[in-house]
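Let's sit down together and read a few features of a protein model, one at a time. Bring your questions as we go.

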Amino acid sequence: MIKAVLFDLDGTLIDTNKLIAESFKYTFKIHHNEEKSDKEVSVFFGQPLEESFKVYGEELCNDMIKTYREYNEKIHDTMCMEFEGTTETLKTLKSMGIKTAIVTSKRKVLAERGMKINGIIEYFDAIITPEDTNEHKPKPGPVIKACEILGVKPEEALMVGDSHFDLMSGKSAGAKICGVNYTALPIELLKDCEPDYFIDSIKDIITIVDK
């Protein structure tokens, strides 16, 4: 029985795919004079920036993170809209007595900002960001932390995400996992995680939980 649904934020509940892609492309252009495509940068989606840039060494990694964050915050509010059905789905889950949490690799200040812009922050019982755990996706720490706060066992939770990092985190924690077919990442990355479910729309979560 599913007692809680844990959601990734970007690319799952709110459409920030263009925002993230443009931020990565800008960063690579500034620091490496490289013109990256959306597909090339999509492999970085869903993990902390430190993981994305660590291959360049600590000093350059820090500089790239700074550039990414400054540009991302500058354009954030104009590229941050909920996917169709998000608010409706969250309202329904709450009416069913299902606990909900955000489990994201996005910094708390921007995660909450995006949720407030779209009017969905009120529907969550917990918000787990990189500041809250020593472990980060794809490790199980963030999912375990969310379950502890919600008072459920991992096997009673469903982790929903658009990235293989989301699914790997949920699976390693012992939760059920659900991938989204509208991901901006290569779908094979999600399929390799062997999700319990795949959905075409966020509204499909209701059917899964209801069963």
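A: A search of the whole structure finds 10 aromatic pairs. This is a predicted model, in which local features need pLDDT of at least 70 and side-chain atom pairs count only at pLDDT 80 or more, while totals for chains, interfaces and linings use all residues. Residues are numbered from 1 along each chain as its sequence is written, and side-chain values use heavy atoms, with hydrogens and water left out.

Q: How is a pair of aromatic rings described?

A: By the distance of the centres and the angle of the planes. Rings of Phe, Tyr and Trp (its six-membered ring) pair if their centres lie within 6.5 Å; planes under 30 degrees apart are stacked, over 60 edge-to-face and the rest tilted. Phe-7 and Phe-124 are edge-to-face because their planes stand at 90 degrees, with the centres 6.3 Å apart.

Q: Where in the chain do Phe-7 and Phe-124 sit?

A: Phe-7 is in strand E1 (residues 4-7) and Phe-124 is in the loop between helix H6 (108-117) and strand E5 (126-128), so this pair links distant parts of the chain, 117 residues apart. Helices (H or I, at least four residues) and strands (E, at least two) are DSSP runs, numbered from the N terminus.

Q: Is Phe-7 buried or exposed?

A: Buried means under 20% relative accessible area, exposed over 50%, and partly exposed in between (1.4 Å probe, protein chains only). Phe-7 is buried, at 0% relative accessibility, and Phe-124 is buried too, at 10%.

Q: Which residues form the other edge-to-face pair you picked out?

A: Phe-28 and Phe-53, at 6.0 Å centre to centre and 70 degrees between the planes. Phe-28 belongs to helix H1 (residues 17-32) and Phe-53 to helix H3 (residues 49-53), 25 residues apart. Both are buried.

Q: Which residues touch the most other members of the largest nonpolar core?

A: A nonpolar core is a set of buried Ala, Val, Leu, Ile, Met, Phe, Trp, Tyr and Cys residues joined through side-chain atoms within 4.5 Å. Here the largest has 27 residues, and Val-5, Phe-7, Phe-124, Val-160 and Ile-205 touch the most other members. Elements giving two or more residues include E1, H6 and helix H10 (204-210). H10 provides the largest share, four residues.
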